[in-house]
Structure formats: structure tokens, C-alpha cells
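Please keep the sequence and the coordinates at hand while reading.

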Amino acid sequence: MLAADEWAERERAHAERADAFTAGWRARKPRREKHAIEDFLFTYYPTRPAQLRRWHPGPGVVLAPPAGRAAAGSPDDAPDPYATRAGWRWYRETREGLTLDVDAFLADRGDTVRYLRALLAATASRPGRFGCFGLHEWAMVYRDKEAGRDHRHPLPLRLGHEGTDRVVESHPVQCSHFDAFRFFTPEAGPLNRLQPTRETQPALEQPGCLHATMDLYKWALKLTPAVPGDVVLDAFELARDVRVVDMQASPYDVSSYGLAPVAIETPEGKAQYVRHQRTFAERGAALRERLLAACDALLANADPGVSATASR
């Protein structure tokens, strides 16, 4: 049970933190300006800033109504956050206050919860692999020039087209992440030692992969509002930090954003990339455990009849 003033403060702090994360995107959008690094979190993982700033307590928490709310019928232009939240999907009102309707959520999203729990647990059970050196981004532009294709970002290639192709050809390509692999050029696809598919994703996902770590943000969004708001924002922050390194290690010249390259074509750059990978894997492991705990809390509190229906 959270008292009205306590959850109102958590809601305010969450919105303030979310606004800081989305400030650049919101400022650029009306000017139609693009940012090759930051925009990824709002286009590849599509969510509106207004959704991100909504705080949710997660399952098993009751939000008490404000004191004297029943008598508050006087004309007042101030919005009632309790009444607003009561109208949100998957919330229900009890005698004590508002809470997540776990059964309703699982009736709609039960299959998703079960799939994500299995995927997260499988990923957490494996050791991280740290030998890919971020070549997925390089494979996405491999032989673009000779095929007459435009590459994915409006940034110049740091080593040029020929230099980029040589890096791909002189390194083993071993990407385990389907949602990175599916953007490989047709010429790069056969070079990958793995051939991941959507069906094999649970069998191949591993915690050293930068894209698997970024996807923790996607999974948090899919579980919203059944995960606490701080988990969603922590996942966003981690995905943002990973995205910066992902582009620093890419073939693109990111110096226009004030960033130095992680030159994975050199021994020093490879070592730097692996250090980043290990740090992100540690942060991702902690966040993955929190998402698993949220899934377990949902499934543990489900009505057996609703749970069985949702799983069919």
C-alpha cells in the first residue's frame, strides 16, 4: 500500500527523469532534425515520450486515494491523477485503492509474459560471448557501394567503403542476434558463422550481445504497466549507453557528435570494445533479473483459470 502523497512523489520524480531522457528527441522533432545515435531509441523501439513518463508501481501494489477525495466535488480545474489513472488500461479499483489487474493483463498478454520469461531465463543461463567486436554494424553496409545501395545512416564511413569491406572480410563474423542479423546486406549474410532466425532466438540469445542488452528496454515496454516504472527507465538508460558504444564501434564517423571511435579493426579497439561489453553485460544481468522477477510476480498472482485461458 502506498499513501497518496508517496505515490504522487514517485510519479513526479519518474516524469522528471523521463523528461530529461526525452528532451533531445522532443526538441528535434518539431524541427525535423535527425540524430543518428539517439533517435534509434524512439524509432526502432517506438514509444512516445508521454508513455515513457507514465509511472507504474508494478503488480501487487495498491495506490491509496487522496484524503477527502470522495468529498471533492467542487469546481476545480486541476486534474485528478487518481481518477485519470483509474481510467488507464489494466488498472482496477479496490476498496483500498487502485492496483494492477493482473488477471486482465494476463488474459491479454499472458503469452507474451511466458515467452519473455523463458527468453530472459535462457539468456541469463548462458555465459556471455565477447568475440564479435560489433561487426554487425559493419555487415549492414558491406559492399553497399558496389551494389549501388545507400547505407543506413547519413554519416560518412570512417574507413570509406573499401576499408569497411576489408574489415568485414578479414574478421570472423559471428552475430548471434536475429534483429541485427536481419539487417545484414545480402553479401554479408552468408559470412556469418551463425544464421539466427526468430524461431532460434531463445536458443541463441546471450548476455554479451550489445543488442540483446538494448532489447531489455523493449521487453520492459512490452511488460508495461506490469513492471515498475524505475525498471523501464533504467532499461532506457542502459539502452542509451549501449547505443552510444554501438555507434562508436560501427564503421560510421561519429566525430560530428563529439565522440571518438572504438576502432575495432585494431587490437586496442578490440580490447576497448570487450571492456564495454563486459560492463554492459553486468548491468544487463541485474536488469534481466528484475524483469524476470516481474514476470514471476505476475504468474504467481494469476488466477489459475485466467492463466490457463491465456496460455492457449
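Rings of Phe, Tyr and Trp, the last taken by its six-membered ring, count as a pair if their centres lie within 6.5 Å; planes under 30 degrees apart make the pair stacked, and planes over 60 degrees apart make it edge-to-face. The model discussed here is a predicted one. Searching the whole structure with that criterion gives eleven aromatic pairs. One of them joins Phe 40 and Tyr 44: the ring centres are 4.9 Å apart and the planes meet at 5 degrees, so this pair is stacked. Trp 88 and Tyr 91 also form an aromatic pair, with 6.0 Å from centre to centre and 70 degrees between the planes, which is edge-to-face.

Tyr 44, at 21%, counts as partly exposed.

Thr 22 is located in helix H1, which covers residues 4–28. With a relative accessibility of 1%, Thr 22 counts as buried. Leaving aside residues up to four places away in sequence, Thr 22 touches Phe 42, Pro 49 and Leu 52.

The cysteines come next. How many disulfides does the structure hold? The number is zero. A disulfide is a covalent bond between the sulfur atoms of two cysteines, and the criterion applied here is a pair of sulfur atoms within 2.5 Å. For Cys 132, the closest cysteine sulfur is that of Cys 209, at 6.6 Å, which is too far for a bond. For Cys 175, the closest cysteine sulfur is again in Cys 209, at 6.0 Å, also too far for a bond. Cys 132 is buried, with a relative accessible area of 18%, and Cys 175 is buried at 10%.

By secondary structure, the chain has 14 helices and three strands. An open sheet of three strands is arranged in the order S1-S3-S2, and the pairing is antiparallel. Strand S1 (62–63) and strand S2 (91–93) stand at the edges with a single partner strand each, so one side of each has no neighbour in the sheet. Strand S3 spans residues 98–100 and is joined to S1 by two bridges. Across from Leu 98 in S3 stands Leu 63.

Some totals complete the picture. The chain has 312 residues, of which 47% are buried. The C-alpha trace spans about 75 × 45 × 35 Å along its principal axes. Among contacts with a separation of 6 or more, 74% are between residues 24 or more positions apart. The accessible surface amounts to about 15,000 Å², and carbon and sulfur atoms contribute 53% of that area.

Note on methods: Residues numbered from 1 in each chain as written. Predicted model: local features only at pLDDT ≥ 70, side-chain atom pairs only at ≥ 80, totals over all residues. Heavy atoms only, no water. Buried < 20%, exposed > 50% of the residue type's maximum accessible area, 1.4 Å probe, protein only. Pairing = 2+ DSSP bridges. Helix = DSSP H or I, 4+ residues; strand = E, 2+ residues; numbered from the N terminus. Contact = heavy atoms within 4.5 Å. Areas by Shrake-Rupley, 256 points an atom, 1.4 Å probe, with all protein chains shown as cover.
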